[in-house]
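Please open the model in your viewer and keep the selection panel at hand. The tour goes from stop to stop, saying what to select and what is found there.

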Amino acid sequence: MNDEALPLVFEGIPLGLLPGGSRMGSDPNAVFSLEVRPHETVVVIGDATSGVDALAALVLGLDPAPGGRALVWGTEIALLSRLKQLAFRRRVGYLPAGDGLLQNLSLRDNIRLPLRFGSDFQPDEIEGRVDVILAQLRLKAVAHFRPAAATEEERRRAALGRALAFDPELVVLDQPFDGLTERVAAELLEVARGGEVAEGGRRTVFITGQDLPAMLRPRVERLVRLGATPAPLRA
Amino acid sequence: MAALPTLPGAGRRVAVRVLLNQLRFTALQAVPLVVLLSALLSFVVIRTSYQFTGLNEFVGTLMVVTVVQLLGPLLTALAVAGRSGTAITAELATNTVLGEIRALEGMGIDPYHYLVLPRLAGSVVSVTILIILFDVVALLSGFAATYASQASGARYLTNVLTALEGRDVILTVVKGILFGTVIGLLPSYHGLRVTRGPTEIPQAVTRGTVASIALIFIITALLMLLFGA
């Protein structure tokens with residue numbers, strides 16, 4: 001891991017070779033390159049055949065890049081040993097598409113799981129952190145629900161809470177706003193950013209999806225549409 | 001950036017909790033089934049013995065040969081494979097289909113550490129304990145039948161202890177470990193191999209169960225060839 005490296009860099013990812021990426025698009029030889037700077041919130045959107053759905057998994061090293069590379073703080077996670085991969089991923093908050101909550105655990109236990117499994121925190125400290133996250137995401141009243149008993153919005157809130165359990169510097173959100181109202185999506189984006197600092201959000205946030213609600217566009221630093229020229233939304 | 005963290009002790013504590021849950025489901029909740037099977041098998045063996053030789057103290061030797069050495073471990077393993085092996089495959093296949101395994105990996109939690117290892121350890125411990133329970137219930141059933149038929153309970157026990165060798169005890173434990181490993185690993189493997197969707201879950205359960213049962217029989221035959229029991 002390189003202290004001076006950017007939080008996230010994509011270099012020459014061949015979109016047509018990604019899972020879901022279509023070689024029938026307008027430019028089958030298109031490659032994707034992007035640098036995400038600290039404190040930025042960057043959103044990449046594209047249709048189902050653009051390959052956008054595969055980008056978050058590339059960041060975490062869950063799938064190997066078919067070409068090019070995805071670097072997190074200068075490290076290509078997919079190339080690390082399995083143990084180091086797992087340890088590295090705990091530095092990154094990850095909300096997978098569809099939430100990925102464990103169905104046999106309550107929402108509270110889902111948020112608690114990474115802290116209990118991936119840290120040496122004392123139980124009191126874990127409970128304290130979980131209480132703060134539950135309050136921040138307004139989940140206290142339903143914290144004891146299993147995912148099947150919760151609404152889609154509550155599940156997504158819990159999944160975000162789980163992603164933020166370690167208070168990571170970099171958060172990767174894979175299709176986080178699908179099915180949510182713009183108001184809720186805006187609220188979750190603010191929680192993911194973790195508040196504001198001079199350079200932007202307290203955290204660096206990378207979001208993928210097929211679209212970005214209009215209400216959120218002024219709240220992100222950059223919106224990149226696959227197949228189109230990246231355009232800064234805000235200086 | 002701080003140095004890369006290593007796998008912490010807290011992870012092991014969570015895995016131990018999953019292991020305890022597995023023991024509760026695989027061992028504790030299976031006790032009535034194993035006791036019932038053992039009692040029924042004992043009845044069959046004793047009844048058969050009675051038909052051919054009349055009920056006498058030698059039923060003790062028969063119980064050791066048929067139940068302790070062969071049928072006890074085999075039936076216990078089959079019962080656990082049918083009860084817990086299927087549950088393991090279905091649960092892990094569902095975890096996979098719902099994206100939970102991938103989410104665990106993405107969070108830096110090793111699914112093998114969190115889901116598979118506790119189930120494997122739970123299966124090994126549970127099957128070993130249940131085989132011993134099966135044998136004890138069978139031998140006690142034999143004693144009760146002998147006692148009820150006015151034959152000598154003391155001679156029954158003597159015959160059991162004479163027929164029972166240290167090797168039988170060791171083989172019982174070895175079978176428990178081997179069968180438990182099969183029931184912990186194969187269903188997990190087939191559960192985690194699911195890729196296409198929910199319709200594949202019952203197929204995975206079938207594959208896991210059939211593979212487990214086949215391997216249990218193969219191991220039984222191999223041990224029979226190697227050690228005569």
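This is a predicted model: local features need pLDDT of at least 70, side-chain atom pairs count only at pLDDT 80 or more; totals for chains, interfaces and linings use all residues.

Residues are numbered from 1 along each chain as its sequence is written, and chains are lettered from A and ligands numbered from 1 in the order in which they are written.

**Stop 1: chain B as a whole**

Select chain B, whose secondary structure comes to eight helices and zero strands, where helices (H or I, at least four residues) and strands (E, at least two) are DSSP runs numbered from the N terminus. Its C-alpha atoms fill a box of roughly 80 × 40 × 30 Å along the principal axes. Of the 229 residues in chain B, 42% are buried; a residue is buried if 20 or more other C-beta atoms, placed from the backbone, lie within 10 Å of its own, exposed if 12 or fewer, and partly exposed in between. Among contacts in chain B between residues at least 6 apart in sequence, 85% join residues at least 24 apart, a contact being a pair whose C-beta atoms, placed from the backbone, lie within 7 Å.

**Stop 2**

Now select residues 59-97 and 166-192 of chain B, which are helices α3 and α7. Their axes come within 8 Å and cross at roughly 20 degrees, where axes are lines fitted to C-alpha atoms over the stretch in contact and angles run from 0 to 180 degrees between N-to-C directions. That makes α3(B) roughly parallel to α7(B), given that angles under 35 degrees count as roughly parallel, over 145 as roughly antiparallel, 65 to 115 as roughly perpendicular and the rest as oblique. The contact of α3(B) with α7(B) has twelve nonpolar, nine polar and three charged residues; here Ala, Val, Leu, Ile, Met, Phe, Trp, Tyr, Cys and Pro count as nonpolar, Asp, Glu, Lys and Arg as charged, and the others, Gly among them, as polar.

To see the contact, show the side chains of residues including B:G82, B:G85 and B:A81 from α3(B) and B:G208, B:S212 and B:A204 from α8(B). By class, this contact of α3(B) with α8(B) has twelve nonpolar, nine polar and no charged residues.

Finally, compare α7(B) with α8(B), which pack at an angle of about 155 degrees with their axes 9 Å apart, and which are therefore also roughly antiparallel to each other. Residues that make this contact include B:F179, B:V182 and B:L186 of α7(B) and B:L215, B:I219 and B:F227 of α8(B). In the contact of α7(B) with α8(B) there are 14 nonpolar, four polar and two charged residues.

**Stop 3: the cores**

Move to chain A and select A:V43, A:L58, A:V59, A:L60, A:L160, A:V172 and A:F206, the residues with the most contacts inside the largest nonpolar core, which has 69 residues. Such a core is a set of buried Ala, Val, Leu, Ile, Met, Phe, Trp, Tyr and Cys residues joined through C-beta atoms within 7 Å. Its largest share, six residues, comes from helix α1 (residues 55-60) of chain A. Centre the view on A:V59, which touches A:L8, A:A70, A:V72, A:V172 and A:F206, not counting residues up to four places away in sequence. A second, separate core of 47 residues includes B:M63, B:V127, B:L130 and B:I201.

**Stop 4**

Select A:W73 in the loop between β4 (69-72) and α2 (82-89) of chain A; A:W73 has a positive phi of about 50 degrees although it is not a glycine, and it counts as buried, with 20 C-beta neighbours inside 10 Å. Then select A:Q175, in the loop between β6 (170-174) and α6 of chain A, where phi is near 50 degrees, a positive value in a residue other than glycine. A:Q175 counts as buried with 20 C-beta neighbours inside 10 Å.

A:R183 and A:L216 are 33 residues apart in sequence and 8.9 Å apart in space, C-alpha to C-alpha.

Definitions and conventions:
Two residues are in contact if their C-beta atoms, placed from the backbone, lie within 7 Å.
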